[in-house]
Amino acid sequence: MTYRVRFTLEASDDLERLYEFIVSRDDSDVSLAERALAAIASGIATLESSPFTCRKARLDAPLLRELVIPFGSSGYVALFEVEDAQTVTVLAVRHQREDDYY
């Protein structure tokens, strides 16, 4: 089964914020920011085929899940929800060292 992956406006804003953070922090290291986004995109691509392999974000919401995306010495976490048998919605993306998005 293949799922369609879509992003909320907030999740899209998160990607832009993460990109801008890297560029502003590392002397405009656009290459590093692009590699980070590529790692996130690669991780998100796995949701097209296997969203249920990701950990549950909360016990009381089995369709709300988290995808851990390795990058460097830490990485990113994408919060997503399995909407139905065809759709996965990415709700938020954060760096693992950021505060939670709940």
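Two strands pair if DSSP finds at least two bridges between them. Helices (H or I, at least four residues) and strands (E, at least two) are DSSP runs, numbered from the N terminus. On these terms, β2 and β3 form a hairpin with 2 residues between them.

This is a predicted model, in which local features need pLDDT of at least 70 and side-chain atom pairs count only at pLDDT 80 or more, while totals for chains, interfaces and linings use all residues. Residues are numbered from 1 along each chain as its sequence is written, and side-chain values use heavy atoms, with hydrogens and water left out.

**Strand pairing**

- Strand β2 (residues 55–58) and strand β3 (residues 61–71) run antiparallel and are joined by 3 bridges. R58 has A61 in β3 as its bridge partner.
- β3 also runs antiparallel to strand β4 (residues 74–82), with 8 bridges joining them. In this pairing I69 stands opposite Y76 in β4.
- The hairpin formed by β3 and β4 has 2 residues between the strands, and G72 in the turn has a positive phi of about 65°.
- β4 and β5 run antiparallel and are joined by 7 bridges. The bridge partner of Y76 in β5 is H95, and the hairpin that joins β4 to β5 passes through 4 residues.
- Strand β1 (residues 4–7) pairs with β5 in the parallel sense, over 4 bridges. R4 of this pairing stands opposite T87 in β5.

**Helix packing**

- Two packed helices are described by the angle between their axes and the distance between the axes.
- The axes of helix α1 (residues 9–25) and α2 come within 8 Å and cross at roughly 150°. Axes here are lines fitted to C-alpha atoms, for helices over the stretch in contact, and angles run from 0 to 180 degrees between N-to-C directions.
- α1 and α2 are therefore roughly antiparallel to each other. Angles under 35 degrees count as roughly parallel, over 145 as roughly antiparallel, 65 to 115 as roughly perpendicular and the rest as oblique.
- On the α1 side the contact (heavy atoms within 4.5 Å) is made by L15, L18, Y19, I22, V23 and R25, and on the α2 side by V30, L32, A33, E34, A36, L37 and I40.
- By class, the contact of α1 with α2 has 11 nonpolar, no polar and 2 charged residues. Ala, Val, Leu, Ile, Met, Phe, Trp, Tyr, Cys and Pro count as nonpolar, Asp, Glu, Lys and Arg as charged, and the others, Gly among them, as polar.

**Buried positions**

- Buried means under 20% relative accessible area, exposed over 50%, and partly exposed in between (1.4 Å probe, protein chains only).
- G43 is placed in helix α2 (residues 30–45). G43 counts as buried because its relative accessibility is 13%.
- Apart from neighbours within four places in sequence, G43 is in contact with L67 and I69. The C-alpha atoms of G43 and R55 are separated by 14 Å, and these residues are 12 apart along the chain.
- S74 lies in strand β4. Its relative accessibility is 15%, so S74 counts as buried.
- Leaving aside neighbours within four places in sequence, S74 is in contact with I69, H95, Q96 and R97.
- Strand β5 (residues 87–95) is mostly covered, with 7 of its 9 residues buried.
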